Amino acid sequence: MANVPVCARTLSPTPGDAQGNVYLLAVDSISDLHSMPLDTETPQGEDGSELRTAGSLNQDAPISVIILNDDESPRHEVLTLGGKFEPPSPYVPPYHSSAPVEQLFTIPTSLVSEDAARQALLEYAKKKCCYSSRPAQEMLLQDFHPFNTFRYRLDTFTENRLCHWMTEPYYGGEVDGAGNGPPPNRWDIQVEPPHLFQKSKHRMPLPHTSSVETCPHCFGRGRNICGNCCGLGRSRCMSCGGSGRNTDHTCTACGGSGRVRCSQCFGSGSQQCRACHGQGIVIKYIRLTIKWKNHNSEFLADHQSDFTTKRFKKVTGEILLSDEQRTLSSVTNFPEPSINEASERVLTEHHTMFADCRILRQRHTIEWLPLTKVDYTWKGAEYHYYVYGNENRAYAKDYPRKCCCAIM
Ligand SMILES: [Zn+2]
Ligand SMILES: [Zn+2]
Ligand SMILES: [Zn+2]
């Protein structure tokens, strides 16, 4: 039999059980169902019925268990102790493709003006503490070369739902247990993200999976043996290292015994159980964690210049296409073929990468990014710089006066 992590919560009334009693059990694996110890660790049935364990049941009797694997939704299975268990197939989120974008694109062709180009270089020089602004003021503008380019951006907003067993101290209150019905499929629970395209998290107990159990860490006692003194209540004196003496004198800290009252348990030899906070019972349930995340990819079409594309990260362009859907189809008719290819590739990548998630929303944009190479002369020498983005930013690799200290 496969050793699959399960938690058997409810043993359904077996055919031979005339009373139709509900039996509660908690185990970590199917094999544990066989060796489940009798009664001591299971609370009484809700109806006051006597509790039985798997060991006392007919091996062929059908039992109902909640099964939780790391990659599965918890669900009810009916199985027999002597029978086989097959894990279910992974959850596949539904994929609804929108109609391909059919849009005519108008590509801007404008060049940066002379004034704007000069102003951009002045601003650039001003921001650099050691750059003189004289070249920007005195330069003679020569030629403008457009290297306009395009940026494709895709955002995929995903939701992932994970289930884990949780154990917490129980102080009383309602217990939403298996008696209220089978737990729902984790993907069927309606929970909306607080914001689209923003990272966030939500945790909640999965309905009908709670049960109150004897604390497995202290076996219901509420206290555990102190780890510091091993239950003795006294530990080695740190002042004399346990010898009872400091040089020639009797150790004053321990009075020569070499041992002092344990500072962790104050001499009692036991400590309050951390798992149940001394209650002796815990509530065990499946915690559902919903994680929302935004995944971003972008692609820049080659602009055939020596301008470093990472500089585009800080600027905006003119939006030529903006679309948001549950799931998007790739762009197919953009005049720059590499953008169409990137759209298809990145969308496929996202669908493959987030196959274990539910894609809630996608949006993509195509931007036209202005980029102009400006040739100029200053004091008879030739130079060039770039003006880029809607913000008209400048970048000059060979700016002539990089250090104002050298002007003299
Ligand atoms: Zn405990
Ligand atoms: Zn001492
Ligand atoms: Zn102690």
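Which residues does Glu367 touch, not counting residues up to four places away in sequence? They are Thr149, Phe150, Arg151, Arg153, Thr316, Gly317, Glu318, Ile319 and Leu320. Contact here means heavy atoms within 4.5 Å.

## The model

This is a predicted model, in which local features need pLDDT of at least 70, side-chain atom pairs count only at pLDDT 80 or more, and totals for chains, interfaces and linings use all residues. Residues are numbered from 1 along each chain as its sequence is written, chains are lettered from A and ligands numbered from 1 in the order in which they are written, and side-chain values use heavy atoms, with hydrogens and water left out.

The chain has four helices and 21 strands. These are DSSP runs, numbered from the N terminus (helices: H or I, at least four residues; strands: E, at least two). Of the 408 residues, 45% are buried. Buried means under 20% relative accessible area, exposed over 50%, and partly exposed in between (1.4 Å probe, protein chains only). Among contacts with a separation of 6 or more, 74% join residues 24 or more positions apart.

## Around Glu367

Glu367 lies in strand 18 (residues 358–369). Its relative accessible area is 3%, so Glu367 is buried. The Glu367 side chain makes a polar contact with the side chain of Arg151, at 2.8 Å. The side chain of Glu367 also reaches the backbone nitrogen of Gly317, at 2.9 Å. A polar contact is a pair of N or O atoms within 3.5 Å; within protein, one must be able to donate a hydrogen and the other to accept it, and residues adjacent in sequence count only if both atoms are side-chain atoms.

## Helix 2 and the cores

Helix 2 has 14 residues (114–127) and should span 20 Å at 1.5 Å a residue. The end C-alpha atoms of helix 2 are 20 Å apart, which agrees. The expected span is 1.5 Å times one less than the number of residues. Buried residues of helix 2 include Ala116, Leu121 and Tyr124. Their cover includes helix 3 (134–138), strand 6 (140–146) and strand 19 (371–378).

In soluble globular proteins, nonpolar side chains tend to be buried together. A nonpolar core is a set of buried Ala, Val, Leu, Ile, Met, Phe, Trp, Tyr and Cys residues joined through side-chain atoms within 4.5 Å. The largest one here has 31 residues, and Leu121, Phe312, Tyr376, Tyr385 and Tyr399 have the most contacts inside it. Helix 2, strand 6, strand 19, strand 20 and strand 21 each give two or more residues to this core. Helix 2 gives the most, with seven. A second, separate core has 15 residues, including Phe150, Leu154, Ala301 and Ile339.

## Strand 19 and its partners

Seven of the eight residues of strand 19 are buried, so strand 19 is largely enclosed by the rest of the structure. Strand 19 pairs with strand 6 in the antiparallel sense, over six bridges. Two strands pair if DSSP finds at least two bridges between them. Pro146 stands opposite Thr372 of strand 19.

Strand 19 and strand 20 also run antiparallel, joined by eight bridges. Asp375 stands opposite His384 in strand 20. The two strands form a hairpin with two residues between them. In the turn, Lys379 has a positive phi of about 50 degrees.

## Cysteines

Cys163 is buried, at a relative accessible area of 1%. Cys240 counts as buried too, at 12% relative accessibility.
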